[in-house]
Amino acid sequence: MFDTAIAGSLPKPAWLAQTETLWPQWRAEGAALQQAKLDATLLWIKAQEDAGLSVIGDGEMSRQHFVHGFLERVDGIDFEHKVEMGIRADRYKAMVPQVVSRLALKGRVHEAEARFLRAHTTRRIKFTLPGPMTIVDTVADRHYGDRKAMAFAFAELLNQEALALRADGVDIVQFDEPAFNVYMDDAADWGVQALERAARGLTCTTAVHICYGYGIQANIDWKKTLGDEWRQYERVFPALAASSIDQVSLECIHSHVPPDLMALLKGKDVMVGVIDVASERVETPDEVADTIGRALQFVPRERLIACTNCGLAPMNRAVAEAKLRALGAGAALARTRYAA
Ligand code: ZN
């Protein structure tokens with residue numbers, strides 16, 4: 001009862017990259033960088049296990065950013081000439097690479113870190129990939145001229161990598177789709193279809209993470225404009241409930257998401273956000289258990305996975321470690337409290 005998992009990313013140690021920033025510069029290069037990435041991965045595997053988490057991730061130590069880590073291994077993308085683009089409906093500006101010709105994978109994307117993760121924990125492992133719609137919203141298009149067509153092109157490439165990750169021993173492949181909370185009509189119209197294309201043929205568990213973004217200022221400011229009730233999930237959850245995807249995540253603690261929206265995910269495992277990524281204050285196990293209790297009104301206990309609201313990449317490392325421990329301890333408390 002109550003699996004525990006992180007959404008995906010964790011802070012990079014100061015010796016690996018710049019800290020507390022979203023697109024950090026690496027501290028090393030070449031073989032030294034590759035080794036440092038795996039060393040950091042090992043450190044976070046241990047921290048997740050020590051915190052008692054049942055599903056372990058690589059913390060995304062090997063990628064500079066959750067979207068661009070994938071794009072770096074795709075042919076047809078010009079990384080030399082990045083352009084500034086407003087992303088997530090212009091919520092913030094980012095320097096993004098450009099799609100300049102037909103897309104194809106250069107080879108495997110995450111083989112090294114997936115196999116490393118598999119080799120260093122006996123617990124179930126989850127591996128994250130950016131979702132097709134979110135990729136399309138984080139790259140400049142100079143070739144396809146149509147967001148949906150480009151999303152399906154990326155979905156094919158994601159599918160190739162996802163099938164290979166399964167063969168590497170990954171138990172859960174998760175696609176990250178924060179864009180679903182921004183372009184709700186497109187998400188319900190074709191975003192979920194593109195997601196299913198990316199997950200086609202996977203024999204492992206499939207998941208989608210949808211959130212209100214990292215705890216950065218632009219997102220905190222955006223959330224202030226969303227009113228007292230955040231109903232974005234209401235538009236896309238019915239489409240996801242009808243889809244082949246097994247697990248769906250949502251923000252819960254300290255959000256304005258009405259908890260009853262979880263009832264729209266009938267038949268799905270629900271990753272409930274019980275750890276706030278926009279606050280440095282560490283939750284108590286009691287608060288985590290309380291949040292799980294609220295979600296239990298709408299999610300069957302065997303389908304509830306305690307999770308973080310989003311990735312912890314831009315956070316302070318010590319705070320993130322403490323939040324992992326709160327997640328593990330809170331879920332343990334909930335198992336006792338809600339056992340009957
Ligand atoms: Zn997120």
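Predicted model: local features only at pLDDT ≥ 70, side-chain atom pairs only at ≥ 80, totals over all residues.

Guide: Residues are numbered from 1 along each chain as its sequence is written.

Visitor: What makes a stretch count as one of the helices or strands in the protein chain?

Guide: Both are DSSP runs, numbered from the N terminus, where a helix is H or I over at least four residues and a strand is E over at least two. On that basis there are ten helices and eleven strands in the protein chain.

Visitor: How do you know that the radius of gyration agrees with a compact globule?

Guide: The radius is taken over C-alpha atoms, and the globule rule is 2.2 Å times the number of residues to the power 0.38. For 340 residues a compact globule would come near 20 Å, and the protein chain has 19 Å, so the value agrees. Along the principal axes, the C-alpha atoms fill a box of roughly 55 × 45 × 40 Å.

Visitor: Why are β3 and β6 said to stand at the edges?

Guide: Two strands pair if DSSP finds at least two bridges between them. The open sheet of three strands has the order β3-β4-β6, with mixed pairing. β3 (74-87) and β6 (140-141) each have a single partner strand, so one side of each is left without a neighbour in the sheet.

Visitor: Which strands are at the edges of the open sheet of eight strands?

Guide: That sheet has the order β1-β11-β10-β9-β8-β7-β5-β2, with parallel pairing. Its edge strands are β1 (3-4) and β2 (55-56), each of which pairs on one side only. β2 is joined by two bridges to β5 (residues 124-130), and these run parallel, with I56 opposite I125 in β5.

Visitor: Why is α9 called oblique to α10?

Guide: Angles under 35 degrees count as roughly parallel, over 145 as roughly antiparallel, 65 to 115 as roughly perpendicular and the rest as oblique. Axes are lines fitted to C-alpha atoms, for helices over the stretch in contact, and angles run from 0 to 180 degrees between N-to-C directions. Helix α9 (residues 285-295) and helix α10 (residues 317-337) pack at about 55 degrees, with their axes 7 Å apart. That angle makes α9 oblique to α10.

Visitor: And why are α6 and α8 called roughly parallel?

Guide: Helix α6 (residues 184-198) and helix α8 (residues 233-241) pack at an angle of about 15 degrees, with axes 8 Å apart, and they are therefore roughly parallel to each other. Their contact (C-beta atoms, placed from the backbone, within 7 Å) is made by M184, A187, A188 and V192 of α6 and R235, V236, A239 and L240 of α8. By class, these residues divide into seven nonpolar, no polar and one charged, where Ala, Val, Leu, Ile, Met, Phe, Trp, Tyr, Cys and Pro count as nonpolar, Asp, Glu, Lys and Arg as charged, and the others, Gly among them, as polar.

Key: Contact = placed C-beta atoms within 7 Å.
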